[in-house]
Amino acid sequence: MIRLFIAMLLLASGVSAADELLTPEAFSERVLVTAAEAVPEAELRIVGELELAITLANGDSLRGFLDNSYAMYRADPENVNDVIKNYIATISGMSVPQDDGDLAKLVPVIKHADYLAGIRQMLSEAEDYDPDADFPMYFETLNSELVVMYAIDSDQSIRFLSPDEVTAFGLQTDAIRQRAVDNLVAILPEVSTERFEPLTAVLADGNYEATLLLWDALWTEENFDVQGDIVAFVPSRDILLVTGSEDQDGLATARDVIRSNEWTYAISEKAFVRRDGRWTVFED
């Protein structure tokens with residue numbers, strides 16, 4: 001039953017296998033080779049799956065994400081060169097966003113808190129490491145497990161923002177969160193729920209399901225008629241499972257599903273309960 005549930009869920013989330021395609025690692029390497037020729041003034045390094053560390057000619061350090069470009073390539077493999085060239089073309093234009101066009105592309109991203117620890121570790125290993133320097137990426141703490149980061153989601157890439165970039169928008173912290181969530185809901189093609197007994201899956205675009213934890217309007221009794229309080233699982237960025245705090249079958253099934261699979265873009269194996277408009281780690 002659990003194996004069938006995983007297969008159905010992944011199919012609904014748009015995940016498929018294509019052995020003839022470039023792997024994410026090979027695609028990233030190809031981007032680096034192209035960038036070395038097209039923009040030699042910028043330095044690119046692979047620091048994660050479809051994740052790049054980018055140092056611009058002016059010294060700015062950024063994180064670049066190839067998720068969108070890789071998805072475009074998978075949809076049309078014969079145009080891989082054009083997809084990569086389009087991504088490379090955006091690098092020279094990466095700078096502090098300050099206009100309405102950039103603000104309209106601002107989206108939130110949920111990550112595990114350990115993601116920040118990994119970045120700190122990587123920074124500490126750099127030759128020019130300054131232990132007194134501010135952390136280069138803006139984030140907010142959601143709870144003991146999860147953090148919220150902000151990114152510019154363009155057609156070619158997803159790029160996390162620095163504190164200076166967020167400040168440049170001129171919005172207070174709560175206003176930034178609300179604007180980013182509104183943007184996300186606007187750009188998602190559709191948000192729906194589907195019942196896979198004894199759980200409910202929230203489905204969107206295959207990238208931002210976990211981040212929908214931040215969409216307060218979604219989390220109502222009308223949308224989720226569960227036993228007890230609403231409990232959510234976000235084992236990866238594209239999987240959002242829902243059950244109730246008093247639904248022992250639902251809780252056990254969700255944990256079995258999570259333990260039985262190796263998740264790409266993993267976030268957390270923990271359960272999160274919604275109480276008083278907040279998500280906290282659920283311990284039953």
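Helices α2 and α4 cross in a right-handed manner, meaning that the near helix is turned clockwise from the far one by less than a right angle. The model is predicted: local features need pLDDT of at least 70, side-chain atom pairs count only at pLDDT 80 or more, and totals for chains, interfaces and linings use all residues. Residues are numbered from 1 along each chain as its sequence is written, and side-chain values use heavy atoms, with hydrogens and water left out.

**Packing of α2 and α4**
- Helix α2 covers residues 24–38 and helix α4 residues 80–91; they pack at an angle of about 60°, with their axes 10 Å apart.
- On the α2 side, the contact (heavy atoms within 4.5 Å) is made by Phe27, Arg30, Val31, Thr34, Ala35 and Ala38.
- On the α4 side, Val80, Asn81, Val83, Ile84, Tyr87 and Ile88 take part.

**Helix α8**
- Helix α8 (residues 173–187) has 15 residues and reaches 21 Å from first to last C-alpha, close to the 21 Å expected at 1.5 Å a residue (1.5 Å times one less than the number of residues).
- Its buried residues (under 20% relative accessible area, 1.4 Å probe, protein chains only) are Ile176, Ala180, Val181, Asn183 and Leu184.
- Seen down the axis of α8, these buried residues fall within an arc of 160°, so they line one face of the helix.
- The face turned away from the buried side carries Asp174 and Ala186, both exposed (over 50%).

**Asp67**
- Asp67 lies in helix α3 (residues 67–75) and is buried, with a relative accessible area of 8%.
- Leaving aside residues up to four places away in sequence, Asp67 touches Leu50, Ile158, Arg237 and Tyr265.

Notes: Helices (H or I, at least four residues) and strands (E, at least two) are DSSP runs, numbered from the N terminus. The arc is that of the directions from the helix axis to the C-beta atoms. Axes are lines fitted to C-alpha atoms, for helices over the stretch in contact, and angles run from 0 to 180 degrees between N-to-C directions.
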